[in-house]
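Open the model in your viewer and keep the selection panel at hand. The stops below tell you what to select next and what is there.

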Amino acid sequence: QVQLVESGGGLVQTGGSLRLSCAASGRTFSSYPMGWYRQRPGLEREFVARISASGGVRTYADSVKGRFTISRDNAKSTAYLQMNNLKPDDTAIYYCAVPKYSYSNIFDIWGQGTQVTVSS
């Protein structure tokens, strides 16, 4: 059974930074892509960033490009989301996710989420 545990959320002022972590257990972490998603108040969950199994390919939503960086440490079975120049619009619950199958592009296993609040 795969488990994902996010950490690192909190309250930060506009322009500040946070680094989120996602610790995975229960499978061979290095075989699967990892994704970060968020759910802003009153909105549906949305894609933030994705990283391939090897870490060589990274994809970002336009809204975070140039400010957020996704990375992974396969030796630690952990993925990260470095968030810089945060804006109030980044306030959301952030989730990490993995696909059930290594060949799938559907991210359908989720962590519990971590709250990020950016004050103006």
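Start by selecting Asp 90. Asp 90 counts as buried because its relative accessibility is 2%; buried means under 20% relative accessible area, exposed over 50%, and partly exposed in between, with a 1.4 Å probe and protein chains only. This is a predicted model, in which local features need pLDDT of at least 70, side-chain atom pairs count only at pLDDT 80 or more, and totals for chains, interfaces and linings use all residues. Residues are numbered from 1 along each chain as its sequence is written, and side-chain values use heavy atoms, with hydrogens and water left out.

**Stop one: the salt bridges**

The side chains of Asp 90 and Arg 38 form a salt bridge, 2.9 Å from N to O. The term covers a side-chain nitrogen of Lys or Arg within 4 Å of a carboxyl oxygen of Asp or Glu. Asp 90 sits in the loop between strand S8 (78–83) and S9, and Arg 38 is in strand S4, so the bridge ties together parts that are 52 residues apart in sequence. Helices (H or I, at least four residues) and strands (E, at least two) are DSSP runs, numbered from the N terminus.

Is Arg 38 buried or exposed? Arg 38 is buried, at a relative accessible area of 1%.

Glu 46 is partly exposed, with a relative accessible area of 23%.

The whole structure holds six salt bridges.

Another one to show is Lys 65 with Asp 62, at 3.1 Å, N to O. Lys 65 is partly exposed at 49% relative accessible area, while Asp 62 is exposed at 66%.

**Stop two: the rings**

Select Tyr 37, Phe 47, Tyr 95, Phe 107 and Trp 110. Ring pairs link these residues into a cluster. Rings of Phe, Tyr and Trp (its six-membered ring) pair if their centres lie within 6.5 Å; planes under 30 degrees apart count as stacked, over 60 as edge-to-face and the rest as tilted.

How many aromatic pairs does the structure hold? There are five. Zoom in on Tyr 37 and Phe 107: this pair is tilted, at 6.0 Å centre to centre and 55° between the planes. Tyr 37 belongs to strand S4 (residues 34–39) and Phe 107 to strand S10 (residues 107–110), 70 residues apart. Both are buried.

Move to Tyr 95 and Trp 110. Their ring centres are 6.4 Å apart and their planes stand at 90°, so this pair is edge-to-face. Tyr 95 lies in strand S9 (residues 92–99) and Trp 110 in strand S10, 15 residues apart. Tyr 95 is buried at 11% relative accessibility; Trp 110 is partly exposed at 31%.

Arg 45 lies over the face of Tyr 95, 4.0 Å from the ring centre. Its charged end also sits over the ring of Trp 110, 4.2 Å from the centre. The criterion is NZ of Lys or CZ of Arg within 6 Å of the ring centre and within 35 degrees of the ring normal.

**Last stop: Tyr 94**

Select Tyr 94. Its contacts (heavy atoms within 4.5 Å), not counting residues up to four places away in sequence, include Trp 36, Arg 38, Leu 81 and Met 83.
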